[in-house]
Amino acid sequence: MSNWYIEVTDKDDISQGDILLNCPVISASYGDDGIEANLNYSDVIVITQACDLENKKVDMVLLAPLLEAKDENIKKNLKEINKGRYPRYHLINEFNSENISMDFKCIDFGTPISLPLSFLNDFKKNEKYRLRLQSPYLEYTSHRFGNYYSRIGLPKGITDEEIKEYLKK
C-alpha cells in the first residue's frame, strides 16, 4: 500500500491534494455558430492551498488535470518527468485499496482549471471515497507547481562558449 495518500470520505471538506476522479469540466470554444460550451470529464487534483479552502477565503478552486501515465505522449518521457526534467508535469504514485484504485498519474500544471468550491462540494458527494496526497508528497507537489509558474525566461543566457573563453583567461 502506498503511503502517498490517505482515503477521505464524502463527509470530509475539499482540501489541497484531493484527487477528484471523473470531475465534470466545462470548456468553451468558438465554433461556426459562435461560442460553444463542451462538457468533459477529467481526473483532477486540487492545487488551491488548504488554508484558503479551510478558512473559506476562495470561491474558485484551482485544479490541475491528471493525465494517464500510460498515454503515449507521457509514457515516452516518464523517467525524465519523474526526475523533474519536464517542469510542466509531475508524476504521482499509483494506489489500490478495496475502495479506490488509481494507476500512476501525471499532473499537468500547464493547463490549470478553475471550478467553484460550491460545485466541488456538491460533486464530492457522488463518490464515497477519494484520495488525498499526504505530507511530504503534498508539499512537494505544491513546490513543483510553484516552480513551474515562477520560472523566468531570459532573452539570452551565458553560453557554454562564453564560459570556456572566460576559464581560459
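Tutor: Happy to! In this predicted model, the count of aromatic pairs comes to 6. A pair of aromatic rings is described by the distance of the centres and the angle of the planes. Take Trp4 and Tyr5 to begin with: their ring centres are 6.4 Å apart, with 35° between the planes. That pair is tilted, because an angle under 30 degrees would be needed for stacked and one over 60 for edge-to-face. Trp4 and Tyr5 are both buried. These two rings also belong to a cluster, in which ring pairs link them with Phe95 and Tyr137.

Now turn to Phe109 and Phe145, which form an edge-to-face pair. Here the centres lie 5.6 Å from each other and the planes make an angle of 70°. Where do the two partners sit? Phe109 is in the loop between β8 (105-108) and β9 (113-116), while Phe145 is part of helix α5, so their contact ties together parts that are 36 residues apart in sequence. Phe109 has a relative accessibility of 1% and therefore counts as buried. Phe145 is buried as well, with a relative accessible area of 18%; the cut-off for buried is under 20%.

Ile158 counts as exposed because its relative accessibility is 67%.

How values were computed
Residues numbered from 1 in each chain as written. Predicted model: local features only at pLDDT ≥ 70, side-chain atom pairs only at ≥ 80, totals over all residues. Heavy atoms only, no water. Buried < 20%, exposed > 50% of the residue type's maximum accessible area, 1.4 Å probe, protein only. Phe/Tyr/Trp six-rings, centres within 6.5 Å; stacked < 30°, edge-to-face > 60°. Helix = DSSP H or I, 4+ residues; strand = E, 2+ residues; numbered from the N terminus.
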